[in-house]
Amino acid sequence: MSGSALLSLDRLAVTLPGGVPVIHDATLHVEPGEIVGIAGESGSGKSLTAAALLNLLPAGSRVTGGATFAGEDLLGLDRAGWRRIRGAGISMVFQDPTAALHPMLPIGRQLTEHMRRHLGLSRSDARARAVELLDQVRIPDPQRTLRSYPHQFSGGMRQRVAIAIALACRPKLLIADEPTTALDVTVQAGILALLSRLRDETGLSVLFITHDLGVLSALTSRTYVFYAGRVMETGPTGALLSTPRHPYTAALLGARPHGAAGVGSLRPIPGSPVVPGQAPPGCPFAPRCDFATADCTSAPPEPAPIGTDRLSACPVAPELEVTP
Amino acid sequence: MTATTTAAAGTRPAARRPRVPNLVRFLGKRVAITIGLLWGVTVVTFALVHVVPGDAATANLSEQALNDPAVVAAYRAKWGLDQPIWQQYLHYLGNLLHGDLGTSQQTGRPVLTDLVQYVPATLELAVPSMILALVVGTAVGMLAAVRHGRASDQVVRVGSLLGLSTPPFWLSLVVLYLFFYLLGVSPSGGRLSPQFAPPPSVTGMYTVDAALAGQWAAAWDAVQHLVLPVLVLTCLTVATLIRFVRSAMLEVLQQDYIRAAYAKGLPTRTVLGRHLLRAGLVPVITVSGLAFASLLSGTVLVENIFGWPGLGQYAFRSATGLDLPSILGVSLFVALVYTGVNLLVDLLYGLIDPRIRLS
């Protein structure tokens, strides 16, 4: 792993209170100015990874392994350290902007309260920057927006406000947890373009979490595919989507409607996702996998390199010839 | 640029215009509902008093007087009890429309005069109790929610359950035994010690009136008399409030916007004091209307035990004496207070939650 990475996770493992392991050995890195995708079904641990990066896991959770952000060991931070990182180092955009914005506080308040704290701005300077930010995320009439409340805006506009809030303290890394899932398709495209533009303009890194593989190809350079709290496959997004090297990635692609092919061509993945804490001893995908052998059920396979820039946690990956 | 500003300037007054008529229409509707409600209260109370076995004459006249049919007949004629019930009712309603609440059979004074005397005494108990209960209930309920599942939360939960299951009359007797009999730090009851004369009446509340008249010793004495009954009434109300606030705050704590507030790097006190409290207050305000209702009914018992000459005692005596005009007067007053509190709750809603304000 390169030493210049902005964020790097080294065999990160998360156990929720009650001893339920939800993330196993997640190794991941994000370079400065890079947009990286995390893909997976619900329950795959992708949102919990995001929560772990901001210390927002339920109280009593245990995090082990390594997590380094901008040269700083995240797992060794105290409360004050986390307050410094949150918002100003790493910030987050949530899935549903309606739920993530406080319904009873004016947008101006929500946009400036952490700026005054992190950046030490005066009230008027913070408001001036808030206007700039709203302009940057293309919200018309910023002055009036500051006095408005979230319910006065559409879903897409609310998500733009949420992004402005996340960017307010000039973070280096933005975690976007399914930021377009709750939005109309036409609005989605606008948000994706916005994130891409912000990266170009400010050198922001983005960790983009989604279950929608189609969104990834347009936005991300590399993608990690999560299943049952493990990284199944990783590589450049284009190559990963065109020639998946893990049966799970292939299955995800097969379950996705695309092109002119009718509903008849959709292949649902047989079986159901693993319940956290009840993963089989071997590869968690083995019970649903067409290629599973006896070896797959003994121990979880380690991610192994394929070519120069890809990893797959599947022993049959090198010979795998699957068409998405 | 100019196009957008003019558009914005053009839409704003247009969006604002219906707001005032909305409020007027809202208030008008509430007043109409209140009038209907008060009328319903007169009907139901009238019917109930007549359904209850017993007779005003038997309740109020002495044994000896009851043996003399002429006295009983005179009593009935004096209070109009010899007329058919519908005539009595119409007579009462007619007087009511002219602002006449009738005369109390118990005190022989106009019911309105009685109310003016007794209501301030009860308000002097109820208002501080309510304020204390709201402050303590919100703070403790919030603390329990934030420390969910930990020892302090368990203590609060058990404590509020105890408070809920403690009968107010029992609690009144216990605190009297403790603070009056054993410790001797509190007066036994009443509103003022005998060495003080009631202060000149302005508000009817002794503490306020004595302070207004500059009689500081009397004001302090009145405050000392307030402590125990206010304590009992607060305990009665605060237990319900704590449980409600706790569950309301727990729900808010699950919300994404609380996580988002933490994710922004805000310190815990800002997240709790601004984000959590603001959202949690809406359900708290709702239940405080109900809590005020239970507080008012609690005053009946508490006033009787503490010898507090307030509305609760007046209501109790009127009910046992089947004193119809007083019962009606108290019922109407209480109904009016309820609707007033509910109206206040609805208006506060709009003040706190902008989503309600506009719709």
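**Ground rules.** I number residues from 1 along each chain as its sequence is written, with chains lettered from A and ligands numbered from 1 in the order in which they are written. As the model is predicted, local features need pLDDT of at least 70 and side-chain atom pairs count only at pLDDT 80 or more, while totals for chains, interfaces and linings use all residues.

**Chain A, overall.** I looked up the secondary structure and found 11 helices and 12 strands in chain A. Helices (H or I, at least four residues) and strands (E, at least two) are DSSP runs, numbered from the N terminus. Along the principal axes, the C-alpha atoms of chain A fill a box of roughly 65 × 50 × 35 Å. The radius of gyration of chain A is 20 Å, which agrees with the value near 20 Å for a compact globule of 324 residues. That radius is taken over C-alpha atoms, and the globule rule is 2.2 Å times the number of residues to the power 0.38.

I put the buried share of the 324 residues in chain A at 46%. Buried means 20 or more other C-beta atoms within 10 Å of a residue's own, exposed 12 or fewer, and partly exposed in between, with C-beta atoms placed from the backbone.

**Sheets in chain A.** I traced an open antiparallel sheet of four strands in the order β2-β1-β4-β5 (chain A). β2 (20-30) and β5 (72-73) of chain A are at the edges with a single partner strand each, so one side of each has no neighbour in the sheet. Strands pair if DSSP finds at least two bridges between them. Strand β1 (residues 7-16) of chain A is joined to β2(A) by seven bridges, and A:Leu7 has A:Val30 as its bridge partner there.

I then turned to strand β6 (residues 90-93) of chain A, where A:Ile90 and A:Met92 on one side and A:Ser91 and A:Val93 on the other are all buried. β6(A) pairs in the parallel sense with strand β7 (residues 173-177) of chain A over four bridges. In β7(A), A:Leu173 is the bridge partner of A:Ile90.

**Core.** I looked at the largest nonpolar core, which has 158 residues; A:Ala162, A:Ala164, A:Ile175, A:Ala176 and A:Leu207 touch the most other members. Helix α11 (residues 216-253) of chain B gives the most to this core, with 19 residues. Such a core is a set of buried Ala, Val, Leu, Ile, Met, Phe, Trp, Tyr and Cys residues joined through C-beta atoms within 7 Å. Leaving out residues up to four places away in sequence, A:Ala176 touches residues including A:Val93 and A:Leu207.

**Where the chains touch.** I counted 28 residues from chain A and 20 residues from chain B in the contact. Contact means C-beta atoms, placed from the backbone, within 7 Å. α12(B) gives the most to the side of chain B that touches chain A, with six residues.

**Chain B, records and helices.** I checked the unreviewed UniProt entry, which lists residues 119-349 of chain B as "domain: ABC transmembrane type-1". UniProt positions are in the numbering used here, feature names are shortened, and annotations may be inferred rather than shown by experiment. In the model, residues 119-349 of chain B are 80% helix and 0% strand.

Helix α15 (residues 324-352) of chain B has 29 residues and reaches 42 Å from its first C-alpha to its last, close to the 42 Å expected at 1.5 Å a residue. That expectation is 1.5 Å times one less than the number of residues. Buried residues in α15(B) include B:Leu324 and B:Phe333.

Note on methods. Two residues are in contact if their C-beta atoms, placed from the backbone, lie within 7 Å.
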